[in-house]
Amino acid sequence: MKRFWLAAGIVAVALGITAFFQNTALLAPAATDRPVLLAHRGLARTYPSSGVTDATCTASRINPPEHPYLENTLASMEAAFAAGADIVEFDVHPTTDGQFAVIHDWTLDCRTNGTGVTREKTLAELKALDIGHGYTADGGKTYPFRGKGVALMPSLDEVLARFPDRRLLINVKSNDPREGEALADRLLKLPPAQLSLLMAYGGDRPITVLRARIPTLLTMSKEAEKRCLIHHLALGWAGLTPEACERQLLLIPSNYTSWIWGWPARFTTRMRAAGSEVIVAGPVVGGDGSAGIDRAEDLTALARPIPGIWTNRIDRIAPLVQTERR
C-alpha cells in the first residue's frame with residue numbers, strides 16, 4: 001500500500017510539473033502585437049446591462065448619446081474601421097424575397113417604426129423603416145434618433161460591396177440550418193480573397209452547415225465553443241490542443257478566463273496554431289450576451305497579453321490600446 005501511495009504521489013508531482021511548464025506565463029514568448037479589435041455592430045449604442053434579458057428592448061434604455069451612429073449601419077461600420085477596428089460584427093436576418101437584411105432584432109417593434117417579425121418582410125419593406133425610431137435615453141421623454149434612421153438598414157450585399165477588403169463577422173440570428181445553406185450560397189459567390197476575411201457565428205445548426213459548405217470559414221456557436229473549452233480543460237494542462245478547438249472563433253467572457261489552461265499567452269498561441277481566433281468579451285451578464293470591453297476600467301482588468309477585444313465602443317478602446325502598446 002505504501003508503494004501505491006508513493007507511486008501515486010510521484011505521478012501527481014510529475015503531472016503538476018508538466019501542467020506548470022506547459023501553461024505558465026513565465027515561459028511564454030513576449031507579446032509583440034496589439035490585440036485584435038472587434039467592433040460589435042460597428043460603432044454602437046450602449047446601455048446599462050443590469051437586468052437585461054432576451055426580451056428586453058435595449059433601445060428603450062440607451063445611455064445618453066455621445067456619437068451620432070446607429071449600430072448595424074454602413075456609417076457605423078465605416079466609423080468603426082476609421083476608429084481602429086480590425087473586425088466589424090453585424091447581424092443578419094433572411095427576408096421573404098431571398099435577401100439578408102442587417103438588423104439585430106427578431107421583431108421590429110423595439111428599434112423601428114415597424115411591427116412584426118423581421119424575417120417575414122421583404123428587403124424593400126425593411127429598408128423603408130426608420131431604424132432610429134425607438135431609441136431613448138430618458139424613458140421616452142425624447143427620441144434623439146427618431147426620423148434619422150429612414151432607409152439606413154443595409155442588406156448583406158451592400159455590406160459586402162462596401163467593405164470587400166475588410167474582416168467581417170456575420171451573426172446568424174437563428175438556429176435554422178436552411179439559413180446556413182442560404183448564407184453559404186451567397187458567400188461562395190465571393191472572390192476567394194474576400195471570403196478568407198469573413199467569419200460567422202450563431203445557432204449550432206446553421207453554423208454546422210456553414211463549416212461543412214465552407215471549410216476555410218472561421219465559425220462559432222455556443223455549442224461548439226463549449227465543446228472546445230471542455231475538451232481543453234481536459235487536455236490543455238498537458239499543452240495539447242483538442243481537435244474541437246480547430247478553426248474556431250472563440251469569444252471568451254472575461255469572467256471565464258481563470259478556468260482556461262495557459263491563459264492568456266500560451267492558450268492564444270495554441271489556438272492560433274490551430275487556425276483559431278481568440279477574442280475577449282466582457283463578463284456574462286443578463287440574457288443579451290452583448291457585454292463588451294467598453295470602458296478604460298474594463299480594459300485595465302484584463303490579463304496581459306490580450307489576444308483580442310470585443311467592444312461596443314471602438315472609439316474609446318482603440319486609442320487606449322494604441323497608447324498602451326507604445
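This is a predicted model: local features need pLDDT of at least 70, side-chain atom pairs count only at pLDDT 80 or more; totals for chains, interfaces and linings use all residues.
Colleague: Why is L320 called partly exposed?

Modeller: L320 has a relative accessibility of 33%. Buried means under 20% and exposed over 50%, so a residue in between is partly exposed. L320 therefore counts as partly exposed. This residue is found in helix α11, residues 314-324, and touches A296 and L299, not counting residues up to four places away in sequence.

Colleague: Why is T73 called buried?

Modeller: The relative accessible area of T73 is 4%, and the cut-off for buried is under 20%; T73 is therefore buried. T73 is found in the loop between β1 and α2. Leaving aside its neighbours within four places in sequence, T73 is in contact with I131, L152 and P154.

Colleague: What puts the buried residues of α5 on the same side of the helix?

Modeller: The residues concerned are E179, G180, L183, A184 and L187. They cover an arc of only 135 degrees around the axis, which puts them on the same side of α5.

Colleague: Why is strand β7 described as largely enclosed by the rest of the structure?

Modeller: Five of the five residues of β7, residues 249-253, are buried, so the strand is largely enclosed. L249, L251 and P253 point one way, whereas L250 and I252 point the other way. In a regular strand the side chains alternate between the two faces of the sheet.

Colleague: How do you know that β7 and β8 pair?

Modeller: Five bridges join β7 to β8, and the two strands run parallel. β7, helix α9 and β8 make a right-handed β-α-β unit.

Colleague: What makes C57 and C110 a disulfide?

Modeller: Their sulfur atoms are 2.0 Å apart; the limit is within 2.5 Å, so the pair qualifies. The link is right-handed, with 85 degrees about the S-S bond. It joins distant parts of the chain, C57 and C110 being 53 residues apart. C57 is partly exposed at 24% relative accessible area, whereas C110 is buried at 15%.

Colleague: How do you know that C228 and C245 are joined as well?

Modeller: The S to S distance for C228 and C245 is 2.1 Å, and the limit of within 2.5 Å therefore makes this pair a disulfide. C228 lies in helix α8 and C245 in the loop between α8 and β7. C228 counts as buried at 0% relative accessibility, and C245 counts as buried at 0%. By this rule the count comes to two disulfides.

Methods
Residues are numbered from 1 along each chain as its sequence is written. Side-chain values use heavy atoms; hydrogens and water are left out. Buried means under 20% relative accessible area, exposed over 50%, partly exposed in between (1.4 Å probe, protein chains only). Helices (H or I, at least four residues) and strands (E, at least two) are DSSP runs, numbered from the N terminus. The arc is that of the directions from the helix axis to the C-beta atoms. Contact means heavy atoms within 4.5 Å. Two strands pair if DSSP finds at least two bridges between them. A crossover is right-handed if, with the strands pointing away from the viewer, the path from the first strand over the helix to the second runs clockwise.
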